[in-house]
Amino acid sequence: MISSLILCLMMGILIFFFVPLMSNFSISSVIYAVFLMYLYVRMTFSERKKPGSSAKYRSIFQITFAVGFCIAFIADLYASRGSMAITEGAMSSAEIPFCHIAIPQVLVPLLITKNIIFPARIAGHYASVASMLLIWLVCTIVLGRGWCSWVCFYGGWEEGFSKAGKKRRINLLPKNKEIREFSFGFFAFIVLASLCELACTYCEWFCPFKLVTEFSPIDSIPSLIGAVMFIGLFLGLVVVMPILTKRRTQCSALCPFGAFASLTDGISMFKMKIDTDKCKGCMKCAQVCPFGAIDIKTIQDKKGSPELTCAKCGECVRACPEKAISIGFRFDHKCGSSAQKSKTKFGRVIQELLEPAQLFRFAAFSFSVVMSSNFMTRAMNLIVRAIIK
Amino acid sequence: MILEAILLGLSTGTYCTMYCGPVLIPFLCGSEDLRYKRNAGLVGTFLGARLVMYFILGAVFAFLGLLVNEFADPLMVRKLAVYAYIFSGLSLLFNSLGVKFPWGCGENGGCKSPKLKRIGNDWVTAVFAGLAVGLHVCPPLWTAIVRSIFGGNDISGLFYFVFFYIGTLPFFIPLLGIPFVTKHLPALRRIARVTQVLVSLYFLIFLGLIPLFFE
């Protein structure tokens with residue numbers, strides 16, 4: 001109890017600093033701060049009653065962030081350019097905002113040519129790209145692929161649509177392995193194609209989120225083909241498939257950043273662990289995993305942890321009736337429950353504070369607060385203004 | 001002269017890897033029963049075919065008098081690159097469909113097309129892909145061709161170009177380690193096959209046919 005209060009207090013300070021204080025205590029920022037605080041408190045205390053129940057609040061946050069991000073982003077584009085289309089001026093003056101999905105595409109060409117191939121705001125300085133790379137590095141060390149289920153401002157779209165349908169119409173569980181292979185194959189293809197062309201291939205042809213951010217104007221047959229691809233991929237992989245499969249299909253099959261984050265997840269501090277002694281093999285975890293990271297074979301072979309593509313969303317923890325799944329430190333081979341309990345109250349509080357699940361949730365939500373504060377405050381400002389008008 | 005040619009090759013060899021990497025890496029990683037000798041043979045065949053295409057290009061350019069300006073016509077270079085993508089895309093696609101499609105739809109790994117087995121053979125693919133990639137005229141290559149043509153007599157020009165090409169080869173040495181990687185990471189083979197199909201379709205459609213007909 002005391003440990004939860006301490007964590008809530010610390011989160012409160014963080015939210016206060018990054019949300020209302022940074023926005024001069026505007027009404028929207030205060031509302032957003034209250035919303036964040038509510039989510040974190042609910043998350044922390046509900047987890048005490050039922051492990052994994054915080055996944056619901058993570059989901060609410062991510063959906064809200066995705067919608068808010070797009071509102072703020074599109075409003076910015078209209079304010080600066082008058083449309084969502086990328087103008088030639090913006091392109092030639094390298095005024096395209098840098099996005100984390102481009103990171104795996106720019107890294108290899110950066111190593112070879114010492115140039116960043118993304119036309120971001122890098123004219124004269126590399127600030128935006130460098131800051132995004134730094135955020136990615138810190139995030140990888142702390143969260144690993146947890147970025148996708150906690151911080152990614154696109155993932156919320158799929159998260160939302162995957163919750164929309166009541167019943168799963170298509171079961172992709174037997175195809176998990178093939179989907180994983182495809183995602184890594186697609187990732188390798190994107191890296192190689194970007195290297196060959198010295199351009200961000202994914203952004204040019206395959207990014208479904210062009211539809212909710214910015215896109216090239218349709219003024220030629222190739223740009224029309226591009227638009228058809230963006231719309232098709234968005235409707236197919238972000239809307240229809242998540243509804244039918246109750247999974248994040250774009251994230252698990254197409255997103256190059258997701259595959260890249262899976263590969264670099266090995267350096268992160270946290271890892272989902274399956275207690276093979278407790279596991280009864282009911283496969284409920286595999287059915288609910290939105291990233292297809294638990295196969296029938298994962299359970300049968302008693303691997304002790306999900307596959308490489310696990311995004312630490314916590315859905316499996318919530319679904320497991322045996323409480324066999326938990327988040328732990330990567331290099332700690334003992335399960336959390338088997339650790340010796342402290343005899344003093346102070347010791348127990350410290351032990352609870354340093355529990356991997358608590359720490360991970362705190363770190364992940366902190367990232368979410370920092371990443372979302374600016375966009376969400378602006379989005380809420382716009383919504384409030386629209387309501388008043 | 002020899003030193004200059006090698007240094008030119010060494011300093012610009014990254015361009016070669018940028019064009020050849022997307023073709024060679026998935027092709028080699030996806031190969032069945034890839035031993036060191038076979039891998040080196042495939043890389044050598046590919047690079048040999050590429051060198052042959054460079055000689056052909058040099059001879060054709062010289063015959064047409066295109067080297068007089070010492071500058072490549074950007075439009076012509078772009079057209080050649082489009083054909084390079086179409087041919088290398090086709091050769092990778094035939095290889096995928098005929099020999100190593102990522103997933104079999106039948107019990108015996110059935111989706112491979114027996115009709116394409118010969119044309120999609122690994123060695124044939126290495127030759128065709130090498131010839132196709134050779135159609136890319138990058139600035140360092142143009143410099144080397146021009147320098148070799150204007151170098152004086154024919155033999156020294158030829159040597160200049162060969163040594164330039166030798167200068168680019170160290171960048172391909174890492175490819176010789178692919179059998180080691182695939183042996184320790186067997187999943188890589190299937191992933192590479194997926195990549196090969198995607199690269200072939202991308203080359204063929206997005207970098208080949210669309211620019212050819214609509215740009």
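Before you click on, some ground rules. This is a predicted model, where local features need pLDDT of at least 70 and side-chain atom pairs count only at pLDDT 80 or more, while totals for chains, interfaces and linings use all residues. Residues are numbered from 1 along each chain as its sequence is written, chains are lettered from A in the order in which they are written, and side-chain values use heavy atoms, with hydrogens and water left out.

**Stop 1: the A/B interface**

Select Arg190(B) and Glu181(A): here is that salt bridge, with the closest N and O atoms 2.8 Å apart. Now colour in the elements that give two or more residues to chain A's side: α5 (103-113), α9 (176-197), α10 (201-206) and α11 (221-245). Helices here are DSSP runs (H or I, at least four residues), numbered from the N terminus. The largest share, 13 residues, comes from α9(A). By class, chain A's side divides into 17 nonpolar, three polar and three charged residues; Ala, Val, Leu, Ile, Met, Phe, Trp, Tyr, Cys and Pro count as nonpolar, Asp, Glu, Lys and Arg as charged, and the others, Gly among them, as polar.

Zoom out to show the whole contact (heavy atoms within 4.5 Å): 23 residues from chain A and 22 from chain B.

**Stop 2: two packed helices**

Stay in chain A and show α8 (residues 155-164) with α11(A): they pack at an angle of about 35°, axes 6 Å apart. Those axes are lines fitted to C-alpha atoms over the stretch in contact, and angles run from 0 to 180 degrees between N-to-C directions. On the α8(A) side, pick out residues including Trp157(A) and Phe161(A); among their partners in α11(A) are Phe234(A) and Leu237(A). The contact has nine nonpolar, one polar and one charged residues.

**Stop 3: an aromatic pair**

The whole structure has 41 aromatic pairs over all chains, meaning Phe, Tyr or Trp rings (the six-membered one for Trp) with centres within 6.5 Å; planes under 30 degrees apart count as stacked, over 60 as edge-to-face and the rest as tilted. Select Phe209(A) and Phe234(A): their centres are 6.2 Å apart and their planes at 85°, so the pair is edge-to-face. Phe209(A) sits in the loop between α10 and α11 and Phe234(A) in helix α11, so the pair ties together parts 25 residues apart in sequence.

**Stop 4**

Finish on Arg378(A) and Asp76(A), whose side chains meet in one (2.2 Å, N to O). Arg378(A) is in α18 (residues 356-388) and Asp76(A) in α3 (residues 54-80), 302 residues apart.

Technical notes
A salt bridge is a side-chain nitrogen of Lys or Arg within 4 Å of a carboxyl oxygen of Asp or Glu.
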